[in-house]
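Look over the sequence and the model before reading on.

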Amino acid sequence: MAIAVGDIIKEGITEVIVTTVSKAGEPNAAPMGIVAHGGHFFIRMYTDTTTFRNVSETGYLAANFTTDPGIYVISAFSELSPDHFQQEEGMVPPRLKDASGWIYFKCSVKDVVEMEPVSLTVIKCMLPAFNRAFAAVIEATIVGTRMRFYKGDEGRKKIGEYEMIVKKCGSPAHIEAIKKLKEILELE
């Protein structure tokens with residue numbers, strides 16, 4: 001049974017770890033939401049980011065699928081170490097070494113970054129099982145990247161609500177990820 005990109009990235013926003021590389025060969029990873037609408041894929045990127053610069057320079061990105069909540073937190077605020085990346089033949093950017101799969105995209109930078117799938121690789125197929133803690137870590141990380149837009153303690157309170165879900169439903173990896181997020185944001 002062949003898997004299509006639309007089987008993985010469905011209508012709406014799918015959170016992934018985007019990997020890119022600069023023209024100088026420096027890899028980068030960042031959590032991003034891929035928007036799927038009417039069979040088209042795009043990302044709304046902030047133009048002052050490393051990811052945007054790399055995609056603008058090279059025209060490619062890899063959308064990596066992982067269930068490691070720590071990768072979302074760490075890559076949102078700092079660079080991953082080189083041992084997190086693996087180069088694949090025929091791809092401009094590297095992929096995440098421990099990804100369950102990835103989609104390699106050719107990109108066109110306009111008002112948004114429009115993406116055309118080049119290839120899809122699935123390494124590890126898992127049945128869908130939803131853990132509220134994983135979703136809470138992702139949401140808390142998104143809030144953390146947007147703290148400057150919140151008034152007063154609003155962002156801190158939201159993260160606290162997500163932390164309660166993580167503590168109730170999460171594995172040790174989820175709990176460690178939310179702890180790391182709070183350390184990065186100096187919320188401890």
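## Ser22 and its surroundings

Ser22 touches Asn54, Glu57 and Thr58, not counting residues up to four places away in sequence. Contact here means heavy atoms within 4.5 Å. Ser22 lies in the loop between strand E1 (12-21) and E2. The residue is buried, with a relative accessible area of 15%. Buried means under 20% relative accessible area, exposed over 50%, and partly exposed in between (1.4 Å probe, protein chains only).

## Basis of the model

This is a predicted model, in which local features need pLDDT of at least 70, side-chain atom pairs count only at pLDDT 80 or more, and totals for chains, interfaces and linings use all residues. Residues are numbered from 1 along each chain as its sequence is written, and side-chain values use heavy atoms, with hydrogens and water left out.

## Overall build

The protein has six helices and eight strands. Both are DSSP runs, numbered from the N terminus: helices are H or I with at least four residues, strands E with at least two. From the N terminus on, the order is α-β-β-β-α-β-α-β-β-β-β-α-α-α. The radius of gyration is 16 Å, close to the 16 Å that the globule rule gives for 188 residues, so the protein is as compact as a globular protein of that length. This radius is taken over C-alpha atoms, and the rule is 2.2 Å times the number of residues to the power 0.38.

The C-alpha atoms fill a box of roughly 45 × 40 × 35 Å, taken along the principal axes. Buried residues make up 40% of the 188 residues. Of the contacts with a separation of 6 or more, 62% join residues 24 or more positions apart.

## The barrel

Six strands close into a barrel. Their order is E1-E2-E3-E8-E7-E4, and the pairing is antiparallel. Neighbouring strands of this sheet are turned by 45° against each other on average, direction ignored. The axes are lines fitted to C-alpha atoms.

Strand E2 (residues 27-37) pairs with strand E3 (residues 40-43) in the antiparallel sense, over three bridges. Two strands pair if DSSP finds at least two bridges between them. Ala36 stands opposite Phe41 in E3.

## Cysteines

How many disulfides does the rule count? The count is zero. A disulfide is a pair of cysteine sulfur atoms within 2.5 Å. Cys107 is buried, at a relative accessible area of 10%. Cys169 counts as partly exposed, at 25% relative accessibility.

Technical notes:
Axes fitted to C-alpha atoms, helices over the stretch in contact; angles between N-to-C directions.
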